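Please look through the points below with the structure open beside you.

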Amino acid sequence: MTGLLGATRPPETTTDTQGRSIRIVGAPAGSRPVAGLLVDVLVVAVAVLLALVPLVPVFGLGAAAPAIVGGVVVGAVLAVAAVVRRWPVVVTLAAAVLAYALLGGPLAAPATTTAGVLPTGSTLVTLGQGVVTSWKQVLTLEPPLGSSGTGLVAPFVLGLAAVLGGGLLAASRQASGRAATARLLVAVAVPPAVLVLSILLGTVERTLAVVVGASMTVLLVVWVAWRRGAWRPQRVPSLAVLAVLAVLSIGGGVVLAPVVAGDTPRFVLRSVIVPPFDPRDYASPLSAYRAFIKDQREADLVTVDGLPEDGLVRVATMDSFDGVVWNVVGDGEPQASGAFRKVGDVIPVTVAGAEAQVEVEVGELRGPWLPTVGETRRVTFSGPDADRTREAFRFNDATGTGVLSTSLVPGQTYTLDAVVPPPVTDQEIGDAQASTLAVPAPQQVPDIVVERAKQVTASATSPAGAARAIETYLHETGYFSHGDDYPSLAGHSAYRMNLLLGEDLMVGDAEQYASLMALMASQSGLTARVVLGFVPSEEQRGDDSITFTGGEIQAWTEIAYEGVGWVPYFPTPDTNRTPETADEEVQNEPQPQVVQPPPPPAEPVSPPSEDAEDPSVTTNEEETAAEGNLRAVLLVVAAVAIPLLLLLTPLLVVVALKARRRRRRRRAATAELQISGGWDEVLDTAHDFKVPPPADATRREASKALLETFPKAPVALLADQADAAVFSADGAGSRGVSRYWAAVDETVHTIRTHGSAWRRLRGTLALTSLRRRRRARAEAAAPAPADRDARRARAQRPARRRGRQS
């Protein structure tokens, strides 16, 4: 790769008598040693490895480590071989393709290989398809993805390509020159580009990305300084400043980022990929409640084997009420509603409990809603269409709801690996606050629901007490009916809720009571949702196999608490508590055989006063909004301004010192000093921008050297006027000084605007002229060799005199 790596040139540096490296100005760039090239490849490989770390949570450590580390190592080996052996581009690409075919199987597609090592025909097909389809799989599946499918091809190819390309660009045999600098800059940009892509393909985890980014930045800064010859490990203050900045960057990002961002998830591409399944295309599962009761009362809907004693079978979870129905929301809704996406081999579980393996067989249950149990960890489909069913499966890990885009079919079987949390009592909930999860606010809630919720929860002292008060009120005050033996309308709209609370008797079934409790709880400041599913009866609990019929369908309410999670409540009255029992209770009360006066009219229901205790125990968002916003702004300013100030302070000091030096020269005591200071300003600028004249040159000789690079600059005129001002008896006048400094400014501007933007910035912040002037002052203050010899002789005379006397 001669064209890529550059040609060999003689060295441009030598060493003095003390072993220090001295650059020969004007010497051609030389060939770098092989050891330096290997260091370049190694640094790029480590930086790319760090950049790929954010992808580990996407696949899991066990699955991601072989693909990521393997891709980086293979890319580094190929880059070293190409650099050392000087491979042409075609040979390098052929070697990369061959390595991908031979090593991609065991590292990125182990399930397709023989004995986990030898590639097969299926391996080659998977690797070929994975280059195109793995990125889609990474974005459309919910982490962790595991090692199934073609997902691991993405990090393997990314690591191999990034290290191979970045290593070849970095390991340039050309030591200097614009081409070498350009290749170095592109090589430095490769790991940050991989990090950005890893973050976009990764998860919403912030801390890992911050630590990796800061560590990679420190590594690249040190490496670039070493490559440019500016790395001086013996400079303890510089190393200390660099270490402090690295610690502040990592620590500030880790500590302040979660505080500033709060619970706001970081942007990743996975969050904006719209899955093909949209639950809003289907009718509300809760609206089919009466259909199950009326039309499929005796039909076997689903059979469950291995259900734990405290397990509930969840069909659908609904947390959005639009005034007509409770429904399942899709993408674009609040975080607590989640989204239906394809998942990997393992689904993350956030609760603790008993692990269970439940086998489910679908009977007459129809629709897309897939019954699940507890917190589902894995779903394994069986049967001849298992692969196609798996492809149609989507899961919402926020609500625990699974769906099949192809709908359920009779005889469909699958196995659930789940974690079933134990029941939670009010004592265990204690004074836990209501959850702050963002769910859609209910729409068109009737006023009577709001007023009744305040009445029922007026004496509650905690969120759990408020929820239990609502459940008890509905369970003990209401009556049960499906509408067959006593009039009870189906549905759970705002009109039906208003009718339920407004009639003399509160009559309904689980559809109405679960909906009403969720609305009353939400109006009390609680986070609530409605669940449709199956609850085993006392006779069914503990059975190895349970078959649920349409008549056993249930609906209940779940309320979320901080640190506890979602807790189920069952507000529906007992099935034997019917309106007929209410009539019997009234008839059993004996009345005296006298004419009774009519009962007085019932007192109107009045809502409690505004200063009554609010059991919702929620903070006043309006009062704390301004304070929270101010705190967030201050934290953002501190997180950004402090590291930025620490980074910019040394640069600002350099600029200030140069401005102070120029001001002193311009305001010197005499015109001669002002003019000679102007010439010094030109020389210092030339040194900072790496175009210095010879060290021992006169002003005219120096001007000729500068004119070779800047032919349009008035350098010769400045040199002649400076000589005339210093050596002429007439000196210089104030008007001549002004014109002279105008020419100085023009020359300095010409030097500063020469070259690339990076060169201009580097010259503006360079310390070369400051160090040069400091060395000149030190040499001027040091005594001459003759003076040192004279002082040494005078010091030795008394000793010689004493020797002669003795």
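**Notes on a predicted model**

1. Val69 lies in helix 4. The model is a predicted one. Val69 counts as partly exposed because its relative accessible area is 39%, and partly exposed covers the range between under 20% (buried) and over 50% (exposed).

2. Helix 4, residues 61-85, gives the patch its largest share, three residues.

3. Nonpolar side chains tend to be buried together in soluble globular proteins. The largest nonpolar core here has 75 residues, and the members touching the most others are Leu474, Leu516, Ile559 and Tyr561. Helix 17 supplies the largest share of this core, nine residues.

4. Beyond its neighbours within four places in sequence, Leu474 is in contact with Met506, Tyr513, Leu516, Met517, Met520, Pro571 and Pro573.

5. Is helix 17 mostly covered or mostly open? It is mostly covered, with 12 of its 14 residues buried. The buried residues include Tyr513, Leu516, Met517 and Met520, and the polar residues Glu511 and Gln512 are also on that list.

6. The length of helix 17 (residues 510-523) can be checked. Its 14 residues should span 20 Å at 1.5 Å a residue, and its end C-alpha atoms are 20 Å apart, so the two agree. After helix 17 comes Gly525, which has a positive phi, near 90 degrees.

How values were computed: Residues numbered from 1 in each chain as written. Predicted model: local features only at pLDDT ≥ 70, side-chain atom pairs only at ≥ 80, totals over all residues. Heavy atoms only, no water. Helix = DSSP H or I, 4+ residues; strand = E, 2+ residues; numbered from the N terminus. Buried < 20%, exposed > 50% of the residue type's maximum accessible area, 1.4 Å probe, protein only. Expected span 1.5 Å × (residues − 1). Core = buried A, V, L, I, M, F, W, Y, C linked by side-chain atoms within 4.5 Å. Contact = heavy atoms within 4.5 Å.
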